[in-house]
Amino acid sequence: MKLFSTALLICTALMAFAQKPQNVILLIGDGMGLSQVSTTFYYKDSDPHFKRFRHIGLVKTSSASNKVTDSAAGATAYASGIKTYNRAIGVDMDTMPVPTIMEELKEKGYCTGLIALCSITHATPGCFYAHVKDRDEHEEIARQLSLAGVDFFAGAGTRYFTKRADEQNSYAVMQKNGYVMDTIQSNKPLEAHKKYGFLLADVEMPSKNNGRDDFLPRTTKAVIDYLDQRSNGKGFFLMSEGSYIDWAGHSKDVEMLIAEQLDFDETIGAALDFAEKDGNTLVIVTADHETGGLSLEKGANKDTIQLTFKTDQHTTPLVPVFVFGPGAENFTGIYENNELQLKLKALLGL
Ligand SMILES: [Zn+2]
């Protein structure tokens, strides 16, 4: 016991001396296990950006209710630092709201941004600003986003803002509150003094193989520059999600998986390029869980590999976490998913 508390003291002291990053970029590959990451090493002509990391850890993803988590409990762990039940969005086991790291940083004057390929009200992005009992409450999640004060968001889900059962229009509310809203395109220059909301599809954006362009890496890069200018040294927090990695597993589609994983790797490259130049930005890349039980086996002949999804469900192996920037050394080792958020909070002095 004494040894343990001494170790804890040293650990806390080390954390206090670690350089505190000014900005945080969290990239979540939904459903991205180690096999999914490995595909970039076999299907990219050059070294994947994953190879640029020196600090790597493993995260245990079980939720409070299930050995195999869903994206809602998984993202609540990363956003709010607690284990909760599957389907929960930013609430604890008693369905009570738990503050998210984005909300806490916003209160400290940070600028904030969210990017997803699915509906921006979907579980992973939703957990960073909303608090509801069930992930399917999309219209309520949209209403909460319209009041959350996020500086930038881009994703899909127009219908949850404009075609609502309660006939409210969260899109119009945001326009009234000074947001530049757009449903057509996100690739125009972003001005640092404006707030933006991009809803680029009714429910979800197309997969890469169904015609999506370089939206994810391009927008992630543009928004990092925008948040950097807008925050003007006060710090920013960005969460960007590779949403389709999960859906490739659910539909057991290996072509989709490879395309989405390579797209996510480019997104990581955009974040690392900024962080390397900036020197004051922490980049965290991880997953909420693995999807599909992807295996990379010997193919038809000795030099080929065969990708096979064993299930269309989420699975529960530990998932990797890759970290770059000031304080990255605090994220090595094996720990629970909610501990990642607690480590981040300790590093940021929250
Ligand atoms: Zn899923």
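**View 1. Strand β1 pairs with β7 in this predicted model.** Here β1 and β7 (residues 236-242) sit side by side in the parallel sense, with six bridges between them. For a landmark, find I25, which stands opposite L238 in β7. On to the other partner: β8 (residues 281-286) also runs parallel to β1, and six bridges join the two. Look for N23 here, whose bridge partner in β8 is T281.

**View 2. Both faces of β1 are buried.** Side chains in a regular strand alternate between the two faces of the sheet. In β1, N23, I25, L27 and G29 point one way, while V24, L26 and I28 point the other, and all are buried. Seven of the seven residues of β1 (residues 23-29) are buried, so the strand is largely enclosed by the rest of the structure.

**View 3. F128 in the largest nonpolar core.** This core has 95 residues, and F128 and V285 are those with the most contacts inside it.

**View 4. Helix α3, mostly covered and capped by D70.** Of the 10 residues in α3 (residues 71-80), 10 are buried, including S71, G74 and Y78. At the N-terminal end, D70 does the capping, with a side-chain oxygen 3.3 Å from the backbone nitrogen of A72. Just after the helix comes G81, with a positive phi of about 75 degrees.

Note on methods
Residues are numbered from 1 along each chain as its sequence is written. This is a predicted model: local features need pLDDT of at least 70, side-chain atom pairs count only at pLDDT 80 or more; totals for chains, interfaces and linings use all residues. Side-chain values use heavy atoms; hydrogens and water are left out. Buried means under 20% relative accessible area, exposed over 50%, partly exposed in between (1.4 Å probe, protein chains only). Helices (H or I, at least four residues) and strands (E, at least two) are DSSP runs, numbered from the N terminus. Two strands pair if DSSP finds at least two bridges between them. A nonpolar core is a set of buried Ala, Val, Leu, Ile, Met, Phe, Trp, Tyr and Cys residues joined through side-chain atoms within 4.5 Å. A polar contact is a pair of N or O atoms within 3.5 Å; within protein, one must be able to donate a hydrogen and the other to accept it, and residues adjacent in sequence count only if both atoms are side-chain atoms.
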